[in-house]
Each structure stands twice: as C-alpha cells, then as structure tokens.
Amino acid sequence: MSNRCVHKGASMCDGEITNGGTVVRCPWHNWAFDLATGEHCYDESEKIRTYEVKTEGDQVILYA
C-alpha cells in the first residue's frame with residue numbers, strides 16, 4: 001500500500017499493525033485501513049492505493 005495516509009499524509013510505515021496483522025492504523029489520527037484492500041475500516045469511500053506484490057524465491061516483486 002502507499003505510504004501516505006489519505007487524511008493528512010502521515011507516513012503509514014510508522015503506524016501500528018493491529019487485528020492480527022490485517023489492519024494498519026495511521027500514527028497521527030489513528031485512521032484504520034485494511035492492509036489487503038487499502039479501504040478505511042469505517043468509511044469505504046476512503047482508500048489508500050494498494051499494489052500487487054509477488055514473491056519469487058527470496059525476492060519481493062512490486063507491480064506499481
């Protein structure tokens with residue numbers, strides 16, 4: 001997923017991973033996003049861009 005929160009642009013890599021690794025929370029305002037879909041957990045109209053990722057051996061390939 002993109003590293004910027006759609007709300008105020010916080011760095012999502014600084015956010016907390018919750019719900020068994022399925023949700024990331026914005027470090028500034030605690031907005032929650034599904035890691036698989038990028039959708040806000042309480043407002044589906046808000047969404048962070050996600051990217052297809054594949055692993056081949058020890059490499060991670062990102063399709064942007």
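Trainee: How many of the 5 residues in strand β4 are buried?

Mentor: Keep in mind that we're looking at a predicted model. To count as buried, a residue has to come in under 20% relative accessible area. Strand β4 covers residues 52-56 and is hardly covered. Its count of buried residues is 0.

Trainee: Which strand is joined to β4, and by how many bridges?

Mentor: Look at residues 59-63, which make up the partner strand. That strand and β4 run antiparallel. So the answer is β5, and the number of bridges is 5.

Trainee: What is the bridge partner of Glu 56?

Mentor: Glu 56 pairs across to β5, so look there for its partner. The two strands form a hairpin with 2 residues between them. The partner in β5 is Gln 59.

Trainee: And which residue in the turn of that hairpin has a positive phi?

Mentor: The turn sits between β4 and β5. The phi in question is about 65°. The residue is Gly 57.

Trainee: Where is Asn 19, and what is its phi?

Mentor: Find the loop between β1 (16-18) and β2 (23-25), and you have Asn 19. Most residues other than glycine have a negative phi. Asn 19 isn't a glycine, yet its phi is positive, near 55°.

Trainee: Is Asn 19 buried or exposed?

Mentor: The cut-off for exposed is over 50% relative accessible area. Asn 19 has 53% relative accessibility, so it counts as exposed.

Trainee: What about Asn 30: where is it, and what is its phi?

Mentor: Asn 30 belongs to the loop between β2 and β3 (32-34). At 46% relative accessibility, Asn 30 counts as partly exposed. It is not a glycine either, but its phi is positive, about 65°.

Trainee: Is Ser 11 buried or exposed?

Mentor: Ser 11 lies in the segment before β1. Its relative accessible area is 14%, and anything under 20% is called buried. So Ser 11 is buried.

Trainee: Which side chain makes a polar contact with the side chain of Ser 11?

Mentor: Leaving out residues up to four places away in sequence, Ser 11 touches Asn 3, Arg 4 and Pro 27. The polar contact between side chains is at 3.1 Å. The partner there is Asn 3.

Trainee: Which residues form a nonpolar patch on the surface with Ile 17?

Mentor: Ile 17 is in strand β1 and is partly exposed, with a relative accessible area of 49%. The patch has about 230 Å² of accessible area together.

Technical notes:
Residues numbered from 1 in each chain as written. Predicted model: local features only at pLDDT ≥ 70, side-chain atom pairs only at ≥ 80, totals over all residues. Heavy atoms only, no water. Helix = DSSP H or I, 4+ residues; strand = E, 2+ residues; numbered from the N terminus. Buried < 20%, exposed > 50% of the residue type's maximum accessible area, 1.4 Å probe, protein only. Polar contact = N/O pair within 3.5 Å; in protein donor to acceptor, adjacent residues only side chain to side chain. Contact = heavy atoms within 4.5 Å. Patch = residues over 30% accessible without salt bridge, like charges linked within 9 Å, V, L, I, M, F, W, Y side chains within 5 Å. Areas by Shrake-Rupley, 256 points an atom, 1.4 Å probe, with all protein chains shown as cover. Salt bridge = Lys/Arg side-chain N within 4 Å of Asp/Glu carboxyl O.
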